[in-house]
Amino acid sequence: EEKKGLVRAFANLRVSLSSSSSSSPKSPPLLRRKIEKLTMIRGGRSYVTSPPSFSNDAKKLLVCTGNTVSVFSAATGLQVTSLEGHTAPVTTLIVVPASSPAQKILCYCWTASLDGTVRHWDFSGPELLKTIEAQHPIYSMVIPSLLSEPQQQIDKRRQLSDKLVAYVSVEDTSVVKEGSKELRGHIRRFNLAKPRIPRGDTLKETAEPESIVISPSGEFFGIRHKCKIHIWDVPSGGSRHAVSRKMTLHHSKFINVFAFHPTERIVVAGDVTGRVLIWRGVGNRKLALGNQKKKVRAMVDLDNAGVRGEDDAESCTTWHWHSAEVNVLNFSSDGAYLYSGGREGVLVVWQLDTGKKKFLPRIGSPLLYFMWSQDPTLSSVVCADNQIHLLKMPSMEILRTISGIKPPPSLPRMYEGLASTVAFDRSSGIAALCTENYCVQLYNLLNDRGISEIQVCERNHQPGDEITVVVTAVALSLDGSVMSTTEVKLPEDGIGGLVSLKFWMSEPDSKTFTLSTIVYEPHRDAGVSAIAFHPTRRMAVSTSFGGDFKIWVCNSEKNQTDKDSSWICHAVGSYKKKPMTAAAFSGDGSVLAVAAENVITLWNPDKNILLSVLGATLTPITKLCFAGKSEFLVAASHFPRPELSVWNASKLSLSWSYGLRIEAVTSAVDSSSFAVLALIPKSFKTDESKENIFRSRDGAILLFNGSDPKPVSIWTVMQAKGGSISFLEGDKTQVRLAYVNGNHEYVVFDPNSDESHERSAVDYDGLVGQEETGDAGYTSLYGQLPDYDKKRMEDAESLATPFVSSERPWETIFSGSTLNFPPLEKLCAEFFESLMEKRTAVVE
């Protein structure tokens, strides 16, 4: 019963970020009230998984966003509503067309999803009208009768007619077995009049589910399969007993995309080499319908120019401009022009009769879809960087952009796990995320909107080019006024590598940054491992794998303006030439903690004096974080053995440790609470007793309070690898926790809400305790020592006053561990004093 209750709690709260979990209209009222109070905000979902659709009046744009359909205003680009109900990603979106100008105000649509359901909506409400069970995941769907027959009666009665037949591409999960070569993709014909769709008539079986493309007239539909295009005609009358006739077009290369001409029997296709193929007179012999059959002259093989084999077409023409695969093909509404696009990020407009072309260049990302609206002056182009551009036609001017979070950059393997590509402005809820094309995107997590983009490195980059520059880190000051980035120009054949550290200052009236200072090779020829900002001053520290760290200060503190400010090196430090792998300032900024490989060094940042050293860990430390303004210091290490440890910086002792691999650490500003994003151990995920809780989830967020090793709350999440977390404290009355996963999807929620505390029922002993047993963490290094706690307390007491002068200091000054040596100036004074003869006092 406890396990069932926990599963229900996870299902209702839905904190895990995944495309397979979404809030439902039937969610508990308490949760909905919390959402209205902005205690749980979701965003960053992909806008480009499926083609969008315009409403009949062209005033709204419907976009598939994970498990929901988001409705945006075409005039403002802002989201106005959403259709929620599917429990898996929505793959198909069909707006019911208006049969007359008066019906353009009608707002009906059909959706299909991987959850195996087809749903009918009124998106003006929004209101769910009907749900149909398809029993299999649906990857694509077309409804020909919506295009070929009037829908007045359907719209009036809000019900289906017997002629409403859909053709769907489903995955037959009954044949899915590991290592199986069964054909899982099926093209089937279904009758949508029934609440539960039977198996249906199978038209074609493929290895994988394929997307279905329908002609604008609703007469034909087809799929691409490797080097072929299979085309079926739609039987007239919509009878399910009618037989669809099929024909096939062949090509010598793999076909990426194809489209039907709106009025003529012309099929165009784009292949992987960048060629556009145009078949004219397609299906005149095989697919000509009885009442629509035209008088066609007898065809002779010699007249079929460019046609392969026995393909039913008059001719095949090839155009070649694109340098890479073609992903986008669509005709204008009158069929006079053809629009194509691909990886170059250029929209090409071809005049179909002459082959002349014009371009919309420098879109900046590969193109995925091009869609027309009912208004001939408005269209949209969908890009791979999660942006939808609304275009004014025919000039192709970009009117506005619906921008989601851009995907993370592709990093070379040597930087995977080391790069810090997400930073947070806690005061305003803005995240700075490294993206493709050497940019940093500023995104408002509370409003789910993009704000601006900063080009970190000016380069003439084209999508698909070889990576030559890597942005390895981005960091924001606590108030969000300063940003720092590091970039690495990769060497060519081992020559020409360059590391750059940049400081950016925010503009007073806009959320963007301008470049203030560039430091080339800040740590000689070594890379920058971490950047951290002082909590109250314009001071920053950068650490290096080369064995040193540098403290940087801004000269604006000397009463200079921000416009004239620049950053200079204030101090340099090192410890035994060990690589410096992480750094963090204390809550008040008085102490700087720097990880020297597997030990933690504490420094005075103003005087650059080594204060103390905390004992070693088994593996190099990759992350450091002070728990607010408390004395607790959180350290995390990865390879070869992960460990999370919490130290008491004032007592120089270890509080507790777990064997967890940590992806990110964050702490609250005004309390001792901190949270960690950890990867769930494989042994825990494969435990049958916990299978229902951690199914397809690879990470967990653990919330701790100070030195208590028992987590206050635990949330399981998906795609934790490469993710990041942070507290957002702009509203002093409410502290929120933000989680951004590896695909730049995010959720913002209240960690102290009642719903969050229900999640603390997760078996934390199983999650962290099993990794703690045995030789792990601190114990694995020192072993089980007798009376260790007593000795640790004695050592801490002796370290509290380690530099007490004695009459014979030279006998004890060099005894003990080198970690307890006093500072150099104290050491020199004691040593020289020991060499001098002490003068005895003279009594007069």
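## Exercises on a predicted model

Tryptophan 567 is buried, with a relative accessible area of 4%. The model is predicted, so local features need pLDDT of at least 70 and side-chain atom pairs pLDDT 80 or more, while totals for chains, interfaces and linings use all residues. Residues are numbered from 1 along each chain as its sequence is written, and side-chain values use heavy atoms, leaving out hydrogens and water.

**Exercise 1. Determine where tryptophan 567 lies and which residues it touches.**

Step 1. Tryptophan 567 belongs to strand β41, residues 567-573. Strands (E, at least two residues) are DSSP runs, numbered from the N terminus.

Step 2. Buried means under 20% relative accessible area, exposed over 50%, and partly exposed in between (1.4 Å probe, protein chains only). Tryptophan 567 is therefore classed as buried at 4%.

Step 3. Contact means heavy atoms within 4.5 Å. Neighbours within four places in sequence aside, the contacts of tryptophan 567 include Val482, Phe503, Met505, Thr517 and Trp552.

Step 4. Threonine 517 is 50 residues from tryptophan 567 in sequence, and their C-alpha atoms are 6.1 Å apart.

**Exercise 2. Classify tyrosine 520 as buried or exposed, and name its surface patch.**

Step 1. Tyrosine 520 is part of strand β37, residues 513-520.

Step 2. Tyrosine 520 counts as exposed because its relative accessibility is 52%.

Step 3. Leu515, Ile518 and Tyr520 make up a nonpolar surface patch with about 280 Å² of accessible area together. Patch residues have over 30% relative accessible area and no salt bridge, and nonpolar side chains (Val, Leu, Ile, Met, Phe, Trp, Tyr) are joined within 5 Å, like charges within 9 Å. A salt bridge is a side-chain nitrogen of Lys or Arg within 4 Å of a carboxyl oxygen of Asp or Glu. Accessible areas come from the Shrake-Rupley method with a 1.4 Å probe, and for residues only the protein chains shown count as cover.

**Exercise 3. Describe the open sheet that contains β27 and β28.**

Step 1. The order of the four strands is β26-β27-β28-β29, with antiparallel pairing. Two strands pair if DSSP finds at least two bridges between them.

Step 2. β26 (367-372) and β29 (397-403) are the edge strands, each pairing on one side only.

Step 3. β27 (residues 378-383) and β28 (residues 387-392) are joined by six bridges. Serine 379 has leucine 391 in β28 as its bridge partner.
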